[in-house]
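Here are some notes to go with the model, in the order I would read them. Please keep the structure open beside you as you go through the points.

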Amino acid sequence: MASLYKRKYKKSDRVTGKTTSQQTSKWYGKYTDADGVRRRVPLSSNKVVANQMLAELVRQNELGKVGLHDPFAEHRKRSVKDHVADFRQHLDSKGNSPDHVSLTVSRIQAAFTACDFRLLNDLDADKVANWLKSRRDDADEANRFGITTSNHHLVAVKSFGNWLVKARRLERNPFTHMSRLNAKIDVRVKRRALDLKELTRLIAAAEKSKRTFRGLSGQDRGTLYLLASMTGLRANELATLQLSAFNFKSEPPTVHVAAENEKAGRGAELPLHPFVVSRLSTWLQERIQLPPVTANSKTSQLLWPGTWSEKAAEMFRRDLAEARAAWLEEVAADGDELERRTKSEFLKAETSNGEIADFHGLRHSFITLLASSGVHPKVAQQLARHSSITLTMDRYSHVHLADLNAAVGNLPSLDATSAIVVPVTGFFGGTGLEVDSTDPAAGPNLAPAGDKTGFPLVTVEETTTAIPAVSETQKPRRERGLRIADDPCERVTEMSALGLEPRTYGLKVRCSTN
């Protein structure tokens, strides 16, 4: 039997000292739970609301008696802020980097605060979708979300919903049906990769610079750019490197990034180019004066200490501008050449098609150099530490106009008046195309330029005369040079050459039961 009541308490008057009996303004409820225990719970100061709350408790109690109790009832009463705090602890326990945890939680809190979610029952996918759209359509460009940023917030919210289900706090993820937008149609930052000449001039200009940026000298920045462009390490990863991260005595020399400092949280050990080892060793000997190692001196052991990584793009663009200015200064006396260079986009921070050069672009340069050097895509993916080869090839690998021109230059001539020449080993014996410049009438042959294989070549006319007048398919099998196996279960293992085809050999295999 359930009932409402108001608790009574005694109150003493400080002046007269008399004690009077008082009632609480809040209503309380009495009921017996599924275990037979008598419960008293505070409800509401409004009697109608208190009656409704008590009725709901009784209903839940009756469902519990028959095994239909809501297992998530306790979690539904807790505030969303409490659940988000627990989710933060969950991310920390998985070994995620502090930056990743803070960024993920801040995105969730931004969405939930804007949508005014207080309890789990308030979570609504439509409200989140509308909020994201309003941020993408914001008139203020500084506050406007790009599609990629919108997707990052959505992923964070969905990960929180998945955790609620796995932690047995909700029966389903309220955001599970939401999907990301196509980020390719709205690229806020389209980065470009510097080519080899631009990288060389950038590093040289930084090393000659007398300017200091957040504690980093020109020599510090030049070495930093060199290491970034030859390893693909990110700014935040480079900012955590200590002297102990480098092993110059191993074969090959390597640099190690700790798991807690690497973006994917797996850690990485990357090989170093010999030129990088030489320059880095010289820089360490000449520029770095490390204090003695103590138990609490990790910060002092950083090779590039300070807060430069927070403004890495600004630092990079300043040095890039100095490199371009020095490049233009070289031809200041030559008006025509100066005009040509001024119109060029060489060493420019932003090109005419909107491509941006920044510090993270050095990672693009590293992967592009790998691709142009003929490195296998899978190897490039491993060195880039990407989760998919599509990301490595499509987003981080760039093709320059010179690469396209070189590819087109390798195409054969299509002069119809030239005679086609083929090697005697057949059309698949050659490896490329070459134009015989000694005979104007001669067409391209199927050997590469400078080929030294010594394949004897015949012209189309010679090939035509070598074809018998009678079709080989019209002759009996034995006359066509085919050896017919005496045993029906034995396959033909030898075939004589027809025309320019070489003799081929097969394998004797056991005949199947069929």
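1. A contact here means heavy atoms within 4.5 Å. Helices (H or I, at least four residues) and strands (E, at least two) are DSSP runs, numbered from the N terminus. With that in hand, look at helix H14 (residues 377-384) and helix H15 (residues 389-396). Pro-377, Lys-378, Ala-380, Gln-381 and Ala-384 in H14 meet Ile-389, Thr-392 and Met-393 in H15.

2. How do the axes of H14 and H15 cross, and within what distance do they come? They come within 9 Å and cross at roughly 90°, which makes H14 roughly perpendicular to H15. The class covers angles of 65 to 115 degrees, with under 35 counted as roughly parallel, over 145 as roughly antiparallel and the rest as oblique. Axes are lines fitted to C-alpha atoms, for helices over the stretch in contact, and angles run from 0 to 180 degrees between N-to-C directions.

3. A word on the source: this is a predicted model, in which local features need pLDDT of at least 70 and side-chain atom pairs count only at pLDDT 80 or more, while totals for chains, interfaces and linings use all residues. Residues are numbered from 1 along each chain as its sequence is written, and side-chain values use heavy atoms, with hydrogens and water left out.

4. Now confidence: pLDDT is the predictor's confidence in each residue, from 0 to 100. The protein averages 79, and 75% of the residues score at least 70. Over residues 290-299 pLDDT stays under 50, and the model has 10 contacts beyond four places in sequence for them. Residues 419-514 also stay under 50, with 99 such contacts. Where pLDDT is low, the predicted coordinates should not be read in detail.

5. For the overall picture, the protein has 17 helices and 14 strands. Among contacts with a separation of 6 or more, 54% are between residues 24 or more positions apart.

6. Strands count as paired if DSSP finds at least two bridges between them. E1 and strand E2 (residues 19-32) pair over nine bridges; among the partners in E2, Trp-27 faces Lys-6 and Tyr-28 faces Tyr-5. The hairpin of E1 and E2 has six residues between the strands, and Gly-17 takes a positive phi near 80° there. E2 and E3 pair over five bridges, with Lys-30 opposite Arg-40 in E3.

7. Finally, is Val-58 buried, partly exposed or exposed? This residue of helix H1 (residues 47-65) counts as partly exposed at 26% relative accessibility. Leaving aside neighbours within four places in sequence, Val-58 is in contact with Ala-2 and Tyr-31. The C-alpha atoms of Val-58 and Lys-30 are separated by 9.7 Å, with the two residues 28 apart along the chain.

Terms used:
Buried means under 20% relative accessible area, exposed over 50%, partly exposed in between (1.4 Å probe, protein chains only).
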